[in-house]
Amino acid sequence: MYLKSLVLKGFKSFADRSVLGFEPGIAAVVGPNGSGKSNISDAVLWVLGERNAKNLRGQAMEDVIFAGSSARKPVGVAEVELVLDNSDGTLPVEFNDVSIMRRMYRSGESEYLINGTIARRMDVLDILHDSGLGTGTHSIIAQGHLAEILQSKPEDRRALIEEAAGVLKHKQRKAKSQRK
Ligand code: ATP
Ligand code: MG
């Protein structure tokens, strides 16, 4: 599985529809300070279901919607679509290309679509559950977070290693089934 493309429209500094294409392997995004590099990783987090505005470097969730610039008026809706190449069958769905889209209006209303069909946030999380990708995993390491990991308590560091090794999800499932 790999990230194939990311489409942003009205998301943070991306007022116009912007399409970013990726190839398998390593991709690097370069650009001057303030040009929107981190907004791209924010978009990935957000489309995958992030609910905490602070993790998106904002005060409120509305801050993800393009707020206007000297040249442009603000917009009313933010949209991000992420397409994953699933031809190796990592994700438990039949599609070779899995498209996850999130849209949010200024009213705070958010909607998700999976391959064009309205879905719940839960459905997005379910699809990603065993993939190691998603909010709350370490698939995205924010600036400054690396130092936090290095300075963390041994228990916390152990949880990180367990997540990377794929052990954590079994522990979480076990705990969940014991609660029922
Ligand atoms: P650095 O190299 O300093 O890390 P960067 O390329 O990562 O920079 P970002 O943090 O992605 O830059 O982008 C910051 C820019 O995005 C700022 O100019 C900020 O005004 C703009 N921005 C963030 N949120 C919005 C929004 N809701 N509407 C319009 N512009 C926004
Ligand atoms: Mg940055």
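Predicted model: local features only at pLDDT ≥ 70, side-chain atom pairs only at ≥ 80, totals over all residues.
1. The radius of gyration used here is taken over C-alpha atoms, and the globule rule is 2.2 Å times the number of residues to the power 0.38. For the 180 residues of this protein chain, a compact globule would come near 16 Å; the chain has 17 Å, which agrees. Along its principal axes the C-alpha trace spans about 55 × 40 × 35 Å.

2. Secondary structure. The protein chain has five helices and six strands. Read from the N terminus, the elements run β-β-α-β-β-β-β-α-α-α-α.

3. Burial and contact range. Buried residues account for 20% of the 180 residues in the protein chain. Of the contacts between residues at least 6 apart in sequence, 51% join residues at least 24 apart.

4. Domains. The chain is divided into domain 1, residues 2-138, and domain 2, residues 144-180. Their centres, taken over C-alpha atoms, are separated by 24 Å. Four residues from domain 1 and four residues from domain 2 make up the contact. On the side of domain 1 that touches domain 2, there are no nonpolar residues, three polar and one charged.

5. Strand pairing around S3. Strand S1 (residues 2-9) pairs with S3 in the antiparallel sense, over seven bridges. In this pairing Tyr2 stands opposite Asp85 of S3. S3 also pairs with strand S4 (residues 97-105), again in the antiparallel sense, over nine bridges. Here Leu84 stands opposite Val98 in S4.

6. Val80. This residue belongs to strand S3, which covers residues 77-85. Is Val80 buried or exposed? Val80 is buried, because 26 other C-beta atoms lie within 10 Å, and the cut-off for a buried residue is 20 or more. Leaving out residues up to four places away in sequence, Val80 touches Val7, Leu8, Phe11, Ala43, Trp46, Val47, Met101 and Arg102.

7. Side-chain direction. In a regular strand the side chains alternate between the two faces of the sheet. That is a general point for a reader inspecting S3, the strand that holds Val80.

8. Ligand 1. Of the 14 residues around ligand 1, those that come nearest are Asn33, Lys37, Ser38, Asn39 and Ala67. By class, the shell has three nonpolar, eight polar and three charged residues.

9. Backbone at Arg57. Arg57 has a positive phi of about 60° although it is not a glycine. Arg57 counts as partly exposed because it has 16 C-beta neighbours inside 10 Å.

10. Backbone at Asn115. A positive phi, about 45°, is also found at Asn115, which is not a glycine. Asn115 sits in the loop between strand S5 (110-114) and strand S6 (117-119). With 14 C-beta neighbours inside 10 Å, Asn115 counts as partly exposed.

Conventions:
Residues numbered from 1 in each chain as written. Chains lettered and ligands numbered in written order. Helix = DSSP H or I, 4+ residues; strand = E, 2+ residues; numbered from the N terminus. Buried ≥ 20, exposed ≤ 12 C-beta atoms within 10 Å, placed from the backbone. Contact = placed C-beta atoms within 7 Å. Near = placed C-beta within 6 Å. Nonpolar A, V, L, I, M, F, W, Y, C, P; charged D, E, K, R; others polar. Domains from an automatic or database assignment. Pairing = 2+ DSSP bridges.
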